[in-house]
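User: I'm new to looking at protein structures. Could you walk me through how to read a sheet and the ring pairs?

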Amino acid sequence: MEEINRFFNDKNKVRSDAEIDRSQAGEYLEAVKAFSRLTYQSLYVIDYQTRAFDYVSDNPLFLCGKSAEEVKEMGYAFYFQNVKPEDVELLIKINEAGFDFYEKIPVNDRKLYSISYDFHLMNGKKNMVLVNHKLTPMFLTEKGQIWKSLCIVSLSGNTSAGNIVVSKEGSDELWKYDPEADRWEKGEKIKLSQREYEILGLYASGQTINEIGEKLFISADTVKFHRKKLFEKIGVNNIAEALTYAKTNKLL
């Protein structure tokens, strides 16, 4: 239990007697379950008052060979069994930095923020898989603490753990966390040109270079030129990585 408590922060300590408008939750789990049926991504819900998982979808990526119910029952103990040890320490550090950041946000804006980061999971075949994990608040206490949050897990397009970014809905600003320096750095979201959006979207639909050129009335060499510029802009090496990046960062 002591290990699990390391994942929680006094700045977001939701006591059993915390003032919570429980009517805001309603039948929210039905909506989460419906969403899980429509996506390949794994979903789960954290309750910070009970320090447990309210729900875990049966999408296999996050389950590591277990059933959704088994992972739900394990709660945070799941991480200590299925996450690379050094990445567990990274997750604990991310939690501390994330709640420090979150405390400085005006209460009325807190639901607009989400955090994204990568870590290694040991899958059902005992292989390490780098996943991307996104978390956003769903319901808050009367004092603005996170009561419940929604988490989404998918394959990462990066090559190493970390890559910690906080973003705000409706804003081009983002904040990147440097674990070594223990510092948040402000930046801006990458913006694609209209042509880059078009080419990326056509690649996502399975089009070849020649087919993309025909649809856009440009040569195959021009498609390759724009593709090269796109790779450089978002820091990837191939179209598969570009598509993963685009999905992870909501560029498509």
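Predicted model: local features only at pLDDT ≥ 70, side-chain atom pairs only at ≥ 80, totals over all residues.

User: How do I read a sheet, and what is the strand order here?

Analyst: The general idea is that strands of a sheet pair through backbone hydrogen bonds, either parallel or antiparallel. In this structure, eight strands make an open sheet in the order 2-1-5-4-3-6-7-8, and the pairing is antiparallel. From one strand to the next, the twist averages 30 degrees.

User: Which strands stand at the edges?

Analyst: Strand 2 and strand 8 (183-188) do; each has a single partner strand, so one side of each has no neighbour in the sheet.

User: What joins strand 5 to strand 4 and to strand 1?

Analyst: Look for the bridges. Strand 5 (residues 146-155) pairs with strand 4 over nine bridges, in the antiparallel sense, and Thr136 stands opposite Leu150 in strand 5. Strand 4 and strand 5 also form a hairpin with five residues between them. In that turn, Gly144 has a positive phi of about 95 degrees. As for strand 1, six bridges join it to strand 5, again antiparallel, with Ile46 opposite Ser149 in strand 5.

User: How many residues of strand 5 are buried?

Analyst: Nine of its 10 residues are buried, so strand 5 is largely enclosed by the rest of the structure.

User: Which strands does helix 2 touch?

Analyst: Helix 2 packs on the sheet and touches strand 1 (42-47), strand 2, strand 4 and strand 5. The direction of helix 2 makes about 55 degrees with that of strand 2.

User: Now the rings. How do I describe a pair, and how many are there?

Analyst: You describe a pair of aromatic rings by the distance of the centres and the angle of the planes. Searching the whole structure turns up 18 aromatic pairs. One of them is Tyr28 with Phe139, edge-to-face at 5.2 Å centre to centre and 80 degrees between the planes. Tyr28 sits in helix 2 (residues 28-38) and Phe139 in strand 4 (residues 128-140), so the pair ties together parts 111 residues apart in sequence.

User: Are Tyr28 and Phe139 buried or exposed?

Analyst: Both Tyr28 and Phe139 are buried. Now try Phe53 and Tyr79: their ring centres are 6.4 Å apart and the planes are at 90 degrees, so this pair is edge-to-face. Phe53 and Tyr79 are both buried.

User: Which residues do ring pairs link into a cluster?

Analyst: Ring pairs link Tyr44, Phe53, Phe62, Tyr76, Phe78, Tyr79, Tyr117 and Phe119 into a cluster.

Note on methods
Residues numbered from 1 in each chain as written. Heavy atoms only, no water. Phe/Tyr/Trp six-rings, centres within 6.5 Å; stacked < 30°, edge-to-face > 60°. Helix = DSSP H or I, 4+ residues; strand = E, 2+ residues; numbered from the N terminus. Buried < 20%, exposed > 50% of the residue type's maximum accessible area, 1.4 Å probe, protein only. Pairing = 2+ DSSP bridges. Axes fitted to C-alpha atoms, helices over the stretch in contact; angles between N-to-C directions. Contact = heavy atoms within 4.5 Å.
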